[in-house]
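Please consult the sequence and the structure shown below while reading it.

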Amino acid sequence: QGSTRPSIVKVTGAMVIECRDRYFWVSLDTAFAGSKYRFDIANGATVRRIIDPLASECGFTYSNNSVTGRLIFRASYFACYVHNELDSVFTLTSNFVKIDPSGGETTFPLSKTCTLSIPWNAREVICEENYMEVSVRRTVPQISQTQIISQEWDITYSIAQRAALATWQVVFLKTGLAPTTMNTSYAWSQGYVMGSTPGRVVFRSPYGQPLSELVMVNGIQVETIHATIFYRQKWMLVLIDMSTACTTNPGSFDGTNLLWSTPIVLRPLVQVPTGFVSSSIRMGVEGLLLDNATMLQKGYGMSVGPTLVEIQIPFGADGGSREVHVIDNQYSERYIINLYYEHIFADGSQELTRHRMARLVHTPYLPQTPFTINQTILAERVFTVYLGVFNPDVALIAVDLNGVPLTVPQAQLRGFTISTVQHPNGTHAYVLKVPFEDPIVLKSYSGPTTMMYVLNINYTLNIVPQNEPYYHPATVAAQIRIPINQDLTAVCKEKSILFSITQMEMSYLWEICIGSDPLTPELAANRGYILKNTTQGLTLEVPLYTIGYTYEDIGLNMFFGIFTLSIRDASTLSVVAVSTKRCPFNSEELVVCMPNGTMTVVASVASTVPMVDPLRTTLLDRSCKPNETNATAVLFTFSVTTCGTRFMVDDHYLMYENEVVFNGVFLPESAPVITRDSEYRLTVRCYYPVNDTQMLALD
C-alpha cells in the first residue's frame, strides 16, 4: 500500500476497454501508465492485486509489447471474479493503480460488460502467454455408435469408480508417474484452477507445472496436461476430459522472415487421429484474426502442410513492433509480434474444438554497426566525415576529437559543423566538418613537402527515449603537398586583371591552371594572355573579354569581370590554392555570350546625329525592347532562340546574330516619305565552338 490514502480518478482516452469474442481487452497509454503500476480485481468488497501466481492461475495477462506502444491487459471471460450470466454476458470490475515515486497511489476504475459474440464450441482451448485454459460444455451428448476409448480414459474411469465422489476431483496422468488425484481445493493450492459455470466446466493452469510435460510433435515442442475431471451428477458418473496442449515453439528467424510453426494434430486434444477433421485455420495479430486480403497486404504468409502449419512474418512488417537496446556497445534491434492462431477441428465426432494460441514471438537481437565515409575534399582543406545510418530513435549527443570531449553544441560553438542528413526511408545520418588548420587536428610532416592531418573521432550516440548511450570510433587522415612561399595576388586594371605569382620552391611539383587547363606559353598566346617571367616569379595579365572570364551584374554603366587561377599538384591534380579576382569595368559597348545561350548587349546610341531615342530601339523582333536605357545607351538580354535571332553554322562554329535597330517615325504615317530621325542599326553576334555536326536528310 502507498504512504498516502489512494485517490480514485476517472479518465478517458488514456484507457480503452474492448470486448473481444472470448476476453476483455484493456489498452493503456504507456506515458500515462508510468513506470510503476498494478492491476486490481474487485470481488464485491474485496480487492485483490493481480500479480503472479494469481494472474496466470486466474486468467489474467498483461504486457507492454503491443505494437501500438500501449500497455495491454487481457482477462478471460472465465477469469476469476468475472461475473458470468448464463455464459453469455460477462462483467469485469477492476482497477488500474498508478504509483508515484513517493508511493502515493491513484486508482482508475475499469469496468466493462460484454455479450458473447460467437457461440461457444463444445470444447475451447486457449493458450495464452502465461497460462493454458480449457472449457468444455457440461451437457450430456447424444448416444453415438462410435466409441472413443483410450488407455488414458480406462485408467481415469477406474480411479473415478473407486474414489469418493462427494466433491469434484481431477486425475492427472504424466508419463513415468502414477496417476495423481486431487480435489478442487488442493488442486487450486497447487496452481490448477477448476470451476463450473451454468453450462461449462473450466480448467486453467500456468505453464511449467509439475504435472505438465513437454513433448515433441513433428519436431515442435508442445506442453501438455492430461487432466480429467469427474463427479457424480444424480445417478450419473460424469468424466470430462480437460486435457490441453499448447505449442511452446519460440519461433525462429531466417534473416528475412520471422518463422513460427505448430503441429496440426495435437495429442491429447486429438484422441483418434483417424477421425480428425480440420474445419478452419486462421491467424492474426494483437488478438484479432485477419482475413486473407489483410494478410496479403501486410506480407504475412501461412502455409498448411500435412502435419504442420507454418507462419512467416517479414522483419519489420506492419502489425509488429521494434525493441532496441545497447548490447556490447552496439545498437541492437529485434522485431516482436503478438501472433494469434486459431484452429477449429473435430475429433471422431461432430463436436468441434476451437483451439487458440496467443504467442509473443520475436527475432534475436540484430546488431546494427554504424559506418563512416570519408568525404573530405582536399581542396576545401576541411575534414568531412559521414556517419550513418540510424533509425529515428538514435541521436548524436557528443564527439571526442583527438582526446577533446565536446557535446554537439560545444563543437558547433568552436566552429565545427555537425549536420543531420535525412533519408527518404526515415533513417538519418550525420556529417561532421573540421577544418585542417584547427588546433584540434593533429599535424605532422610526412616528407619535405607533404603535411599529414589526422583526426581521431569517438562519437557518442544515444537511444531515445530510454537513454542508452553507445560509442563508435573512427579515424580520418589527409596528406597534402604544400607549396613553399606560395603567394598569389591579383589587381584590377582598366581593361584587364593582373595576377602575380611568386617563385615557389620545387615549382615542378605544381601547375598553375585556368579551369582544368594548365597555364603554358602556348595557351597564353592562343588566348591573348600576356605571360611574363620575372626574377620573383611570373605575371599574367588577362585582357578583358578573353577566354576564362565570367561576367556578373552587367549594367549600362559598369559590370564585373571575374577570373580564377588555381594551383594544383602536378601528380595528383588536387587543387591546393585558388585565387579569384572580381573587378569592375566600364560597360561602354559590349556583347556577352553566356554558355546557356543568353546574349547580353550594351550599345551606345550617342554616335548618330541627331541622337536616336533609346526607348524606341528594338531587336529584329520589334516586341523585344531594351531591359534598361539611359540617355545614350541601351541594354538587351535575350535568348539566342528568341527576338528574331538568326542562326548560321560552319565546320567550326555556331553563329547567332541579331541587330539593335532604331525604329524611325515617318510623316505622314500613311505614306512614309519624310523622317527627321537618324538611321541606326548595330549587328551583334555570338560564336559557339562546334564539337560535332551531323547531316540530316528530311523529306
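Which cysteine does a disulfide join to Cys127? The partner is Cys246, with an S to S distance of 2.0 Å. The model is a predicted one, and it holds 6 disulfides. A disulfide is a covalent bond between the sulfur atoms of two cysteines.

**Pairing pattern**

- When the bonded cysteines of the protein chain are numbered in sequence order, the pairs are 1-4, 2-3, 5-6, 7-8, 9-12 and 10-11.

**Cys127 and Cys246**

- The torsion about the S-S bond between Cys127 and Cys246 is -85°, and the link is left-handed.
- Cys127 and Cys246 are both buried.

**Cys58 and Cys80**

- Cys58 is bonded to Cys80 in a disulfide whose sulfur atoms are 2.3 Å apart.
- The link of Cys58 and Cys80 is left-handed, with -85° about the S-S bond.
- Helix α2 (residues 54-58) contains Cys58, whereas Cys80 sits in the loop between β7 (70-76) and β8 (83-85), so the pair connects parts that are 22 residues apart in sequence.
- Cys58 has a relative accessible area of 0% and is buried.
- Cys80 counts as buried because its relative accessibility of 9% falls under the 20% cut-off.

**Cys624 and Cys643**

- Cys624 and Cys643 are joined by a disulfide, S to S 2.0 Å.
- The disulfide of Cys624 and Cys643 is left-handed, because the torsion about its S-S bond is about -90°.
- This pair links distant parts of the chain, 19 residues apart: Cys624 lies in the loop between β51 (617-618) and β52 (628-629), and Cys643 in the loop between β53 (633-639) and β54 (646-649).
- Cys624 is buried at a relative accessible area of 14%.
- Cys643 is likewise buried, with a relative accessible area of 10%.

**A further cysteine**

- Cys513 has a relative accessibility of 0% and therefore counts as buried.

Notes:
Residues are numbered from 1 along each chain as its sequence is written. This is a predicted model: local features need pLDDT of at least 70, side-chain atom pairs count only at pLDDT 80 or more; totals for chains, interfaces and linings use all residues. Side-chain values use heavy atoms; hydrogens and water are left out. A disulfide is a pair of cysteine sulfur atoms within 2.5 Å. Helices (H or I, at least four residues) and strands (E, at least two) are DSSP runs, numbered from the N terminus. Buried means under 20% relative accessible area, exposed over 50%, partly exposed in between (1.4 Å probe, protein chains only).
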